[in-house]
Amino acid sequence: MEWKDEIKDLFDTLTSRVPDGVRSAIQTMLHEAAEESARYRNSGYVNKDDLISALFKITPDAAQSTLVNELKSLNIDTDRYIQLSEIKQKYNRSWDEIGAAFIPNVYHMTMYLTDRCNQNCVHCAAEMKKPREELTTEQWIDIVENIEGTLKKQGRRGCYIWFGGEPTLRKDLPDLINYCAEKGYHQAIATNGMGFTEELAELCAKVKMSHIFISIDSTKPERAAKIRGVPNAYKVAENAIKTAVKYGHFVICTPTIMALNFDELENLKQTIEGWGAIPFFRAVIKQRSAKKNWDVIGLTPEQYKQFYEFKYQNVVEAIRQGKATTLNRANTFDMVPFMENPLNDEELTALEWGVGCQACRLVSGVDVNGDFFPCDYPSELILGNVVHQTFEEIMNSQLFKDIRDRKRTGKCASCHHLELCGGGCRVHAECETGDFFASFPYCWHEDDHEH
C-alpha cells in the first residue's frame, strides 16, 4: 500500500498530538485502519478520507470529543468525517450479507482454462484459431496457490472464476472446483449453459460456490441463435439459469450489448430479474471475432453513451432507494461515472469500490498458457506469466502499479473524473488505439468545467 507525501505528512501531524506513551500503538492502529479503508475502495494508495475516517474508527467513544477539537484546530470538517466513518463501517459490515467473495478487497481472477467452445458467438473474445495446448490440473492448482499466497500477504483473498472458451469442456473442472473448496478459496464459473448440468449445479451448491455467471444475449430465441451460433441458445441459457437458481446459487447473467440486441436492454433486465438472477451488462469490445463483425455488431458512440446512461441510472436510483448492498454485488462493476457525480458520501461509498476501470485493482485474467492480463478481458498487453513468475513479482512491477493507479495519456490524464472513471475500459481503448493507456475513444465528456 502506498501513501502520498501529503497524506504521510498529515499522518505525522495527527499522531504527533498523541501522548508519547501510546503514540507507537496508535500509529500502528491508524496505519492499518487507513490501509484497510483504501483496500475497501480497491485502491493502491491511502487518501485523506481513508485516514480521517480511520482515525474516528479507532478512537474510543470517550475520546471522540477531544479528537473533534484537535481536528477542528487543523481546519478539518469533523462533521463530515464523523458521518463518513459511520457510512464506511455500515458498508463494510454489509458485504457479509451478500457473500464473502464480494467483499471489496477480494481480487477476482478470470482463469482461461481452454480455448475450446461449443458455441460460435459473433462477438466472442476466444481465439479465432486452433485451440492452444492447455495447462494441466496441477499447473492450474499451482497458479491458484501462487496468486492466493501473494494476496494473503496483503490481507486479501482471491476469487477464481473458471472461464474459457467454455470451462465445462474441461473434464477436470470438478477436480479444480473440489480443490478450491477443500482449501476454502472463493470460486465461480462463467458458462454459456450448455454444459451446466444438474450434476454440476449440485456440485457447485455442495461446495458453496460463490456465484455462477451465465451468458444470455437476447430474449428472442431467433436472435439469440444468431448471436451465439447455435439454434437453441436461448433455451439452453434459460434452463441453465433456472437450474442454478433452483440449487440456491447467486446467478449473474452477462448480456454482451451490441447493435444486434441494443433495443433489448430493458427486456433483458426484466427477464433476468424475473428468473431470480441479476443482470450484469457489458458493452461489446472491438477485438477478435467482434472486430471481424464490427460493421454488424459494433455500437456507435451515441449508443455507447445511451448504454452507460441506462446502466448507471439503474444503479444510482437503486442506491438512492436504499438498495445499494444488493445492487453492488455486480452492477457497479464497469461503470463510467462522468455522466453523473455521486451527490454525497453515502453514494460515493456505495459506488467507489467497483466503479470505473478495475484492471489491476479488482480484476485480472490468466490466459490458457499462464500469461497474465491486467483486465479480465484478454489484451495485447501482458504483464508476465504466472507459470514462470510469482504473482508478487508481477504486482510489484511498475507497469502493474501504473495500471492500478490509473495512469492515462491524452484527454483522460487531466480529466477531473479520472479518480472514479479510470479512463473507461482499457481493453476497449487498446483495441481502438493500440495503446492500453490511451484516452477512452468513446468518451463524450467535455472537460471544460469544475464540480
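This is a predicted model: local features need pLDDT of at least 70, side-chain atom pairs count only at pLDDT 80 or more; totals for chains, interfaces and linings use all residues.
User: How are two packed helices described, in general?

Analyst: Happy to start there! Two packed helices are described by the angle between their axes and by the distance between those axes. Here, take helix α3 (residues 48–58) and helix α4 (residues 64–73): their axes come within 10 Å and cross at roughly 155°. Angles over 145 degrees count as roughly antiparallel, so α3 is roughly antiparallel to α4.

User: In which hand does α3 pass α4?

Analyst: The crossing is right-handed.

User: And which residues in α3 and α4 meet?

Analyst: From α3 come I52, L55 and F56, and they meet Q64, L67, V68 and L71 of α4. Sorted by class, this contact has six nonpolar residues, one polar residue and no charged ones.

User: Now the sheet, please. What is the order of its strands?

Analyst: The sheet is open, with eight strands in mixed pairing, and the order reads β9-β7-β6-β5-β4-β3-β11-β12. At the edges sit β9 (278–279) and β12 (372–373), each pairing on one side only.

User: In which sense do β5 and β6 pair, and over how many bridges?

Analyst: Strand β5 (residues 186–191) pairs with strand β6 (residues 211–214) in the parallel sense, over four bridges. For T191, the bridge partner in β6 is I214.

User: Which strands does helix α6 touch?

Analyst: Helix α6 (residues 137–153) packs on the sheet and touches β3 (106–112), β4 (157–163) and β11 (363–366). The direction of α6 makes about 150° with that of β4.

Terms used. Residues are numbered from 1 along each chain as its sequence is written. Side-chain values use heavy atoms; hydrogens and water are left out. Axes are lines fitted to C-alpha atoms, for helices over the stretch in contact, and angles run from 0 to 180 degrees between N-to-C directions. Helices (H or I, at least four residues) and strands (E, at least two) are DSSP runs, numbered from the N terminus. Angles under 35 degrees count as roughly parallel, over 145 as roughly antiparallel, 65 to 115 as roughly perpendicular and the rest as oblique. A crossing is left-handed if the near helix is turned anticlockwise from the far one by less than a right angle, and right-handed if clockwise. Contact means heavy atoms within 4.5 Å. Ala, Val, Leu, Ile, Met, Phe, Trp, Tyr, Cys and Pro count as nonpolar, Asp, Glu, Lys and Arg as charged, and the others, Gly among them, as polar. Two strands pair if DSSP finds at least two bridges between them.
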